[in-house]
Amino acid sequence: MNLRTRITTALKQAMKDKDKTKLSTLRLINAAIKDKDIAARVDDNDAGVGDAEVLAILGKMSKQRMESARAYEEGGRLDLAEAERSEIAVIEEFLPKQLSEDEARAAVDAAVSETGASSIRDMGTVMGVLKAKYTGQMDFGRVGPMVKDRLSS
């Protein structure tokens, strides 16, 4: 079952369960996907975005909410931070399991070997391979320094 179908099914179930938090979050997800679909139509892609793009959307939404929750905590608004965390939980139901630190290092090593990268100039190529294989499974903000360390040694 593809991601769109899973999201639609979860949306219907949230309606039946009268789960307001889950329902509003799933509606936000659908709206973001539809925005990307509309943008894709401009580029003559009538089928819309695929699972990889949906994963990227979900990853971005999750990251935005983590940053918001952190900002709310720092501002002493724990109620708003908790609301953001509950949205993150809904979004993460559709994301693949995040790679651990060791798994991420192994993925970086494999990507470096696969591309034959030997210097920091090859960092973009390595990151491209990682994004193609592990979208939604790793935080590329954390992986970037790992790639840089690996290529500079």
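Author: Helix H1 (residues 3–17) packs against helix H3 (residues 51–74) at an angle of about 55°, and their axes are 9 Å apart. Helices here are DSSP runs of H or I with at least four residues, strands are E runs of at least two, and numbering goes from the N terminus. Axes are lines fitted to C-alpha atoms, for helices over the stretch in contact, with angles running from 0 to 180 degrees between N-to-C directions. The model is predicted, so local features need pLDDT of at least 70 and side-chain atom pairs count only at pLDDT 80 or more, while totals for chains, interfaces and linings use all residues. Residues are numbered from 1 along each chain as its sequence is written, and side-chain values use heavy atoms, with hydrogens and water left out.

Reader: OK, and how are H1 and H3 oriented to each other?

Author: They are oblique to each other. Angles under 35 degrees count as roughly parallel, over 145 as roughly antiparallel, 65 to 115 as roughly perpendicular, and the rest as oblique.

Reader: Which residues in H1 and H3 meet?

Author: From H1 there are Leu3, Arg4 and Ile7, which meet Asp51, Val54 and Leu55 in H3. Contact means heavy atoms within 4.5 Å. The residues of this contact are four nonpolar, no polar and two charged.

Reader: Switching topic: how much space lies in the largest pocket?

Author: About 630 Å³. A pocket is an open set of points on a 1 Å grid over the protein atoms alone, where a 1.4 Å probe fits, with protein on both sides within 12 Å along at least five of seven lines; lining residues have an atom within 4 Å of a point. Grid points are joined across faces, edges and corners, and the volume is the space filled by probe spheres set on the points.

Reader: What's the phi of lysine 18?

Author: Positive, about 55°, although lysine 18 is not a glycine. Most residues other than glycine have a negative phi. Lysine 18 sits in the loop between H1 and H2, and at 69% relative accessibility it counts as exposed. Buried means under 20% relative accessible area, exposed over 50%, and partly exposed in between (1.4 Å probe, protein chains only).

Reader: And threonine 25, buried or exposed?

Author: Buried, at 1% relative accessibility. Threonine 25 is in helix H2 and touches Glu87, Val90 and Ile91, leaving aside residues up to four places away in sequence.

Reader: What does valine 126 touch?

Author: With the neighbours up to four places away in sequence not counted, valine 126 touches Ala111, Val112, Thr115, Ala117, Val147 and Leu151. Valine 126 lies in helix H6 (residues 123–134) and counts as buried at 0% relative accessibility.

Reader: Last one: how many helices and strands are there?

Author: Seven helices and zero strands. Buried residues make up 33% of the 153 residues.

Conventions: Ala, Val, Leu, Ile, Met, Phe, Trp, Tyr, Cys and Pro count as nonpolar, Asp, Glu, Lys and Arg as charged, and the others, Gly among them, as polar.
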